[in-house]
Amino acid sequence: MRIVRWKQWAAATAAATLMFAVGGTSRASDEGVAAAGSAQKFTLHLHHLHTGETLDVVYRVGDKYLPDAIAKLNYFLRDHRTNDVSHYDVKEFDLLHSVMSKLGKPNAVIDVVCGYRTPWSNNYLRTRSAVTGVAQNSQHMQAKAIDIRVPGVTTSRLRDVALSLHGGGVGYYPVSQFVHVDVGPVRQWTFAGVGD
């Protein structure tokens, strides 16, 4: 029994090591990137504020999404409370890329406040106080939303850029200092309390 558990632990550790190199950083390398030639490479530089992990990844080359890179993004954006992984709508990654391009900071790091949420995590956040700013049917549960900050960019500027793209929902959380961006229906809101 101990040998089986040790083997399972060793396999999980090996998989995590492959996904996130020493120091919590992963640089996605894909044969598709090397073979891309002059096609545009779409890169994201992410830091997760809850897990401390960092991911620098080329997730798309031209019109082709790179499956290994998308898998790394899905894992990186897992529910940090439960470690459940979902499958993100790739349009969300394109939206983040567009936000950074429009900010004129394509190589800057995006701080991730919240990625995917299981229904359990979403309900947990909704019940922490009388008013939380967490939607009952949050796009986070559909793996179509990410709450972000960009160091050196004001939250209001980040909101304005996200709104200008008309790519989905934009939530402005000035007290908690983050912006929610999703690829659901186009809409906007402000929450002046403390959210997550």
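**Close-up views of the predicted chain**

**Figure 1. Histidine H97 in helix α4.** H97 belongs to helix α4, which spans residues 90–103; helices (H or I, at least four residues) and strands (E, at least two) are DSSP runs numbered from the N terminus. The model is predicted, so local features need pLDDT of at least 70 and side-chain atom pairs count only at pLDDT 80 or more, while totals for chains, interfaces and linings use all residues. Residues are numbered from 1 along each chain as its sequence is written, and side-chain values use heavy atoms, with hydrogens and water left out. H97 is classed as buried because its relative accessibility is 12%; buried means under 20% relative accessible area, exposed over 50%, and partly exposed in between (1.4 Å probe, protein chains only). When residues up to four places away in sequence are not counted, H97 has contacts (heavy atoms within 4.5 Å) with Q40, F42, T43, L44 and Y59.

**Figure 2. The largest nonpolar core.** A nonpolar core is a set of buried Ala, Val, Leu, Ile, Met, Phe, Trp, Tyr and Cys residues joined through side-chain atoms within 4.5 Å. The largest such core has 36 residues, of which L44, Y59, L73, F93, L103 and L158 touch the most other members. Two or more residues come from each of the strands β2 (41–48), β3 (54–61), β5 (110–114), β6 (145–149) and β8 (178–182), and likewise from the helices α3 (67–76), α4 and α6 (155–165). Helix α4 contributes the most to this core, with 6 residues. For L103, the contacts beyond its neighbours within four places in sequence are V150, V153, R157, L158 and V161.

Figure 3. The structure contains 7 aromatic pairs. One of them joins Y173 and F191, whose ring centres lie 5.8 Å apart with planes at 50°, so this pair is tilted. Y173 lies in strand β7 (residues 169–173) and F191 in the segment after β9 (187–190), so that the pair links distant parts of the chain, 18 residues apart. Rings of Phe, Tyr and Trp (its six-membered ring) pair if their centres lie within 6.5 Å; planes under 30 degrees apart count as stacked, over 60 as edge-to-face and the rest as tilted. Y173 is buried at a relative accessible area of 5%, and F191 is buried at 12%. Elsewhere, ring pairs join F42, Y59, Y65, Y88 and F93 into a cluster. Two arginines sit over tyrosine rings: the charged end of R78 is 4.2 Å from the ring centre of Y75, and R159 lies over the face of Y172 at 4.2 Å from the ring centre. A charge sits over a ring if NZ of Lys or CZ of Arg is within 6 Å of the ring centre and within 35 degrees of the ring normal.

Figure 4. Helix α5 covers residues 119–126, and its buried residues are S121, N122 and L125. These residues lie on the same side of α5 because they cover an arc of only 100° around the axis; the arc is that of the directions from the helix axis to the C-beta atoms. The exposed residues P119 and W120 are carried on the face of α5 turned away from its buried side. In an α-helix with 3.6 residues a turn, residues three or four places apart point the same way.

**Figure 5. Histidine H47 in strand β2.** H47 is located in strand β2. Its relative accessible area of 23% makes H47 partly exposed. The C-alpha atoms of H47 and V112 are 5.9 Å apart, although the two residues are separated by 65 residues along the chain. With residues up to four places away in sequence not counted, H47 touches G52, E53, T54, F76, V109, I110, D111 and V112.

**Figure 6. Positive phi values in two loops.** Most residues other than glycine have a negative phi. H166, in the loop between α6 and β7, has a positive phi near 50° without being a glycine. H166 counts as exposed because its relative accessibility is 60%. Q177, in the loop between β7 and β8, likewise is not a glycine and has a positive phi of about 60°. Q177 counts as partly exposed, at 48% relative accessibility.

**Figure 7. The whole chain as context.** The chain has 6 helices and 9 strands, and 45% of its 196 residues count as buried. Among contacts between residues at least 6 apart in sequence, 58% join residues at least 24 apart. The chain exposes about 10,200 Å², of which carbon and sulfur atoms supply 54%; accessible areas come from the Shrake-Rupley method with a 1.4 Å probe, and for residues only the protein chains shown count as cover.
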